[in-house]
Amino acid sequence: MVLSGGMVSAQDFPTKPIRIVSAEVGGGNDFAARVVAQGLVGLGQPVIVENRPSGVIPGSIVAKAPPDGYTLLAYGVSLWMAPFLQDDVPYNPVRDFAPVTLVASSPGVLVVYPGLAANSANELIALAKAKPGQLNYASTSTGSPAHLAAELFKFMAGVDIVRISYRGAALALIDVMSGQVQLTFGTASSSTPHMKSGKLRALAVTSARPTAVFPGLPTLASTLPGYEAGSIYGVFVPAKTSAIIINRLNREIVRHVQTAEVQERFLNVGVDAVGSSPGELAAAVKSDMVRLGKMIKDAGIRAD
């Protein structure tokens, strides 16, 4: 049997350093990228995390890279939601990338000012319907997971809650805790300390199923069937990358992500470790694009 040159190179992969393109240092994308890098060291080549500004830049770099398995993208929801929020995105999130694995998911949490007369999602919806346009929610940048979670809540619940935009999550939480703003969709790392101190009241999680990140909290989906929001972190390669290479990368990453040590590391920062097949990541991306894309279009949301 004679193998083609491309097949030979795929079988021999890797023979040189691998780079993982991600967003700025310190965020969830960067954290996931560094966990993935540790999982790939067993391939016997150096693995380098390359941090770039958030937005469309990381995706643009990887979409144009050779489909040889040496350039990976570790990124989240902004990769596939960008085309719904702005024009001239320099890649197609479905056509230009091949999924490798869903690394982790980070559920959000709906938190309110403790003095608000709402102790459940149902009560919050009833209050918002009784006072249209009188409740406010805090969020960071347009298109951020917190912003999309809140808008999806409004869309599915049929309520009018006014957005107050903040430059950072810390400032947003301060105003919710003081009652200047009534609610927000926070992360585990930012919200949990204030939930424990009683400065914030948690009503529900945004994941489709209950999560160990927020034990005991109901899902918003139990009130609004089909609701699901939050951050997911996936690994992608350029389209047309060999299935042999994708499967090799998938095995190494999933093996590492599903170890007890890595699962604990993720849980400590409010993230559920996953480790999935390429198809499962593709399905998660498609679900986001269908569910959130319709909401973005109907609400007329555009990037700042």
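This is a predicted model: local features need pLDDT of at least 70, side-chain atom pairs count only at pLDDT 80 or more; totals for chains, interfaces and linings use all residues.
1. Ground rules. Residues are numbered from 1 along each chain as its sequence is written, and side-chain values use heavy atoms, with hydrogens and water left out.

2. Aromatic pairs. There are 6 aromatic pairs in the structure. To count, rings of Phe, Tyr and Trp (its six-membered ring) need centres within 6.5 Å; planes under 30 degrees apart are stacked, over 60 edge-to-face, and the rest tilted. F31 and F266 make an edge-to-face pair, 5.4 Å centre to centre with 75° between the planes. That pair joins distant parts of the chain, with F31 in helix 2 (residues 28-40) and F266 in helix 10 (residues 260-268), 235 residues apart. Helices here are DSSP runs (H or I, at least four residues), strands are E runs of at least two, and both are numbered from the N terminus.

3. The cut-offs are under 20% for buried, over 50% for exposed, and partly exposed in between (1.4 Å probe, protein chains only).

4. Elsewhere, K16 lies over the face of Y70, 4.8 Å from the ring centre (the rule: NZ of Lys or CZ of Arg within 6 Å of the centre and within 35 degrees of the ring normal).

5. The cavity. The structure holds 1 cavity of 30 Å³ or more, and the largest cavity has a volume of about 40 Å³. On a 1 Å grid over the protein atoms alone, a cavity is a set of points where a 1.4 Å probe fits but cannot get out; a pocket is an open set with protein on both sides within 12 Å along at least five of seven lines; lining residues have an atom within 4 Å of a point. Points are joined across faces, edges and corners, and volume is the space filled by probe spheres set on them. V77, L148, A229, G230, D288 and L292 line the largest cavity.

6. The second largest pocket. Its volume is about 510 Å³. Of its 22 lining residues, L102, S105, R209, E228 and I232 are the closest to the centre. Strand 4 (97-106), strand 10 (231-238) and helix 11 (278-299) each give two or more residues to the lining, and helix 11 gives the most, with 5.

7. Two residues to look up. S191 sits in helix 8 (residues 188-197) and is buried, because its relative accessibility is 0%. Leaving out residues up to four places away in sequence, S191 touches V109, V111, L173, G186 and L200; contact means heavy atoms within 4.5 Å. V49, in strand 2 (residues 47-51), is buried at 16%. With that sequence limit again, V49 touches I20, D30, A33, R34 and A37.
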